[in-house]
Amino acid sequence: MNANLNGLLEGKIDFEGQKLVETITRVALVVLSVISFIVGFALQSLQVTFGIFSAGSIALVLLIVPPWPIYNSHPVQWLPSLPPTSSSIKS
Amino acid sequence: MHSLYARLNNFSAFLSSCLMGLLAAIALSSFLFTAEPKGELTLASVKVFPGSSRRMPTVKQEFTFVNFNISADLTPLFHWNTKQLFVYLQAEYVDSKGVQNDVVLWDSIIRRKQDAVLNIAGRNKYVFRDLSRSFRNAQAANYTLRYNLMPYVGVLTYGEAGRTSEPVPFPEPETVS
């Protein structure tokens, strides 16, 4: 139970997933800043700018923080374990 | 990036950088708005009276009373980064000792665009007196209507929205009967 809870709170994802999350964060935040500036400038309203920026940020947190299954679709393939050698048996 | 906290940390770190960039862009965008609205400032009357203040009842000094009319449309100053306008009327004159004086006589804070059309007949809100206690040898004063634009993000900008067409001399003190 405790181990399950810890695993849930840790939210591990695989290496491919980490790379994807990194890319999404960078691109989405830059695009979000640019869009919120342009829309706010066009409508002459800072309220619109920061509304778009904060709503987008919250959506992005929901997208990247939980360990969604898509970030775990490339699990690490470990090599098969070697059969025990005679020397290891002796010792 | 492997754990939940690492992803949250990475996100918030880059979020703060983007927010700084956004704020800088907003501050810089204020320089694109270069409206300099002009209004009219006329003086209805300037009178000088001898008297004494409550704080220094024994000291005789002179007080100037200014009645003025302002008509100005300052709505062009309101853009997306304008928080409020501080509008003030200033008397600028060289006093009897040859020192340049700028005295604020009246001011007003405008918070909304729809309040930015000014049609005001007013009198000085703040006591107008000279350090030498007399306006007798002071040179004629220019009266100007100035504004200070306060943005949400960025630098304060100052401007002049009106000025009396020619310097107005201080009249002789009137006698109080």
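Predicted model: local features only at pLDDT ≥ 70, side-chain atom pairs only at ≥ 80, totals over all residues.
Two strands count as paired if DSSP finds at least two bridges between them. Chain B holds one helix and seven strands, and from the N terminus on its elements run α-β-β-β-β-β-β-β.

**Overall build of chain B**
- The C-alpha trace of chain B spans about 90 × 35 × 30 Å along its principal axes.
- Its radius of gyration is 23 Å, whereas a compact globule of 177 residues would come out near 16 Å.
- Of the 177 residues in chain B, 42% count as buried.
- Chain B exposes about 9900 Å², and carbon and sulfur atoms supply 54% of that area.
- Among the contacts in chain B with a separation of 6 or more, 67% come from residues 24 or more positions apart.

- Helix α1 of chain B covers residues 4-29, which makes 26 residues.
- From first C-alpha to last, α1(B) reaches 37 Å, close to the 38 Å expected at 1.5 Å a residue.
- The buried residues of α1(B) include B:Leu4, B:Phe11, B:Leu15, B:Cys18, B:Leu22 and B:Ile26; B:Arg7 and B:Asn10 are also buried.
- In general, an α-helix has 3.6 residues a turn, so residues three or four places apart point the same way.
- What do the buried residues of α1(B) pack against? Their partners are α1 (2-10), α2 (15-43) and α3 (46-64) of chain A.

**The three-stranded sheet**
- Three strands of chain B form an open sheet in the order β1-β2-β5, with antiparallel pairing.
- β1 (40-51) and β5 (117-123) of chain B each have a single partner strand and stand at the edges, so one side of each lacks a neighbour in the sheet.
- Neighbouring strands of this sheet are turned by 15° against each other on average, direction ignored.
- β1(B) and β2(B) (residues 61-73) run antiparallel and are joined by eleven bridges.
- On β2(B), B:Phe68 is the bridge partner of B:Leu43.

- Strands β6 (residues 142-151) and β7 (residues 157-163) of chain B run antiparallel, with six bridges joining them.
- Which residue of β7(B) is the bridge partner of B:Leu149? That partner is B:Thr157.
- β6(B) and β7(B) form a hairpin with five residues between them.
- In the turn of this hairpin, B:Gly154 has a positive phi of about 120°.

Conventions: Residues numbered from 1 in each chain as written. Chains lettered and ligands numbered in written order. Heavy atoms only, no water. Helix = DSSP H or I, 4+ residues; strand = E, 2+ residues; numbered from the N terminus. Expected span 1.5 Å × (residues − 1). Buried < 20%, exposed > 50% of the residue type's maximum accessible area, 1.4 Å probe, protein only. Contact = heavy atoms within 4.5 Å. Axes fitted to C-alpha atoms, helices over the stretch in contact; angles between N-to-C directions. Rg over C-alpha atoms; globule rule 2.2 N^0.38 Å. Areas by Shrake-Rupley, 256 points an atom, 1.4 Å probe, with all protein chains shown as cover.
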